[in-house]
Amino acid sequence: MGKLDGKVALVTGASRGIGQTIAELFAQEGAKVICSARTIDEGDHQLEGSINRTVSLIRENGGIAEAVAANVSEPDDCIKLIEDSKEAFGVIDILVNNAALNYYIPIKDYPLNRWLRAFTVNVHAPFMLSQAVLPDMIQKQSGAIVNISSGAAIGPGRAPYSGDPARGGVMYGASKAALERFTQGLAEEVYADGISVTALSPSQVVPTPGTVYHKLVEGLDDPRGESPELMARATLLLASEPTEVISGRVTYSQEILQEFGWISAGQGRGIDSKGSGYSQI
């Protein structure tokens, strides 16, 4: 018996990396999974991965999944994504807001259209998708929303500064900090409706096609990195534990897995060092 038997889960950014791994694990745990992203087929994007490939991998392992393409920077696409997901499998029980976008550009050079688009994907889309699934969740008095954040939400602190700046990551960090505040605010609003809302970041950088491309890790086998399976398992934990136990948590993969006994020992953010301010309240 799986932890998500009978559940319908929507995972955005499911074409590769963390989102793909979450979608595969959720299907293994019995959920019917909607895999969403912009990349439909291999070759549509410069990076390896597509939602059709993720769905094929799930089905090959006996899982149930459908691919629904969406550009979550567009409000109409967000609404249609929820409608198409419900048409495929019914009411959504679990929403994982994993899709993210960044351009590593210093603020002095950051084009306004790119800032607005990235902030929309990282913050406005989780708001729009959450708002769209909430009526059904409230009616059922159950549901889980997991927002995938980042260690970038932890700011550099006060001066003096030395060394290289954070490679143009100010926008990404600012948007993820906003996502964490949104998480705790929404968690409070819907707590009485039996809905959990949480935010999760990797304890260590996860080697994925995206992080390799942006040179955040040296390769998919970088020993300094964290397996995407740890993020997937931590997302599963947050999606399946009782609301009163986990709602409002802003946490880190290995921290939460160690706390609940899913791993014996962890390392990285949340364990060896403090997380963001929201993770500490």
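This is a predicted model: local features need pLDDT of at least 70, side-chain atom pairs count only at pLDDT 80 or more; totals for chains, interfaces and linings use all residues.
Me: Which side chain does Arg-59 meet in a salt bridge?

Reply: The general idea is that side chains of opposite charge can pair when their charged atoms come close. Here the partner of Arg-59 is Glu-66, with 3.3 Å from N to O, and Glu-66 is itself partly exposed, with a relative accessible area of 33%.

Me: How many salt bridges are there by this rule, and where do Asp-84 and Lys-80 lie?

Reply: The count comes to seven, and one of them joins the side chains of Asp-84 and Lys-80 at 2.7 Å, N to O. Both of these residues lie in helix 3 (residues 75–89), where they are four residues apart, about one turn of the helix. Asp-84 is partly exposed at 23% relative accessible area, and Lys-80 is partly exposed at 46%.

Me: Which residues touch the most other members of the largest nonpolar core?

Reply: A nonpolar core is built from buried residues joined through side-chain atoms. The largest one here has 38 residues, and those touching the most other members include Ile-22, Phe-26 and Val-33. Several helices and strands each supply at least two residues of this core, among them helix 1 (17–28) and strand 2 (32–37), while the largest share, eight residues, comes from helix 7.

Me: What is Phe-26 in contact with, leaving aside its neighbours within four places in sequence?

Reply: Its contacts include Leu-4, Val-33, Ile-94 and Leu-236.

Methods:
Residues are numbered from 1 along each chain as its sequence is written. Side-chain values use heavy atoms; hydrogens and water are left out. A nonpolar core is a set of buried Ala, Val, Leu, Ile, Met, Phe, Trp, Tyr and Cys residues joined through side-chain atoms within 4.5 Å. Buried means under 20% relative accessible area, exposed over 50%, partly exposed in between (1.4 Å probe, protein chains only). Contact means heavy atoms within 4.5 Å. A salt bridge is a side-chain nitrogen of Lys or Arg within 4 Å of a carboxyl oxygen of Asp or Glu.
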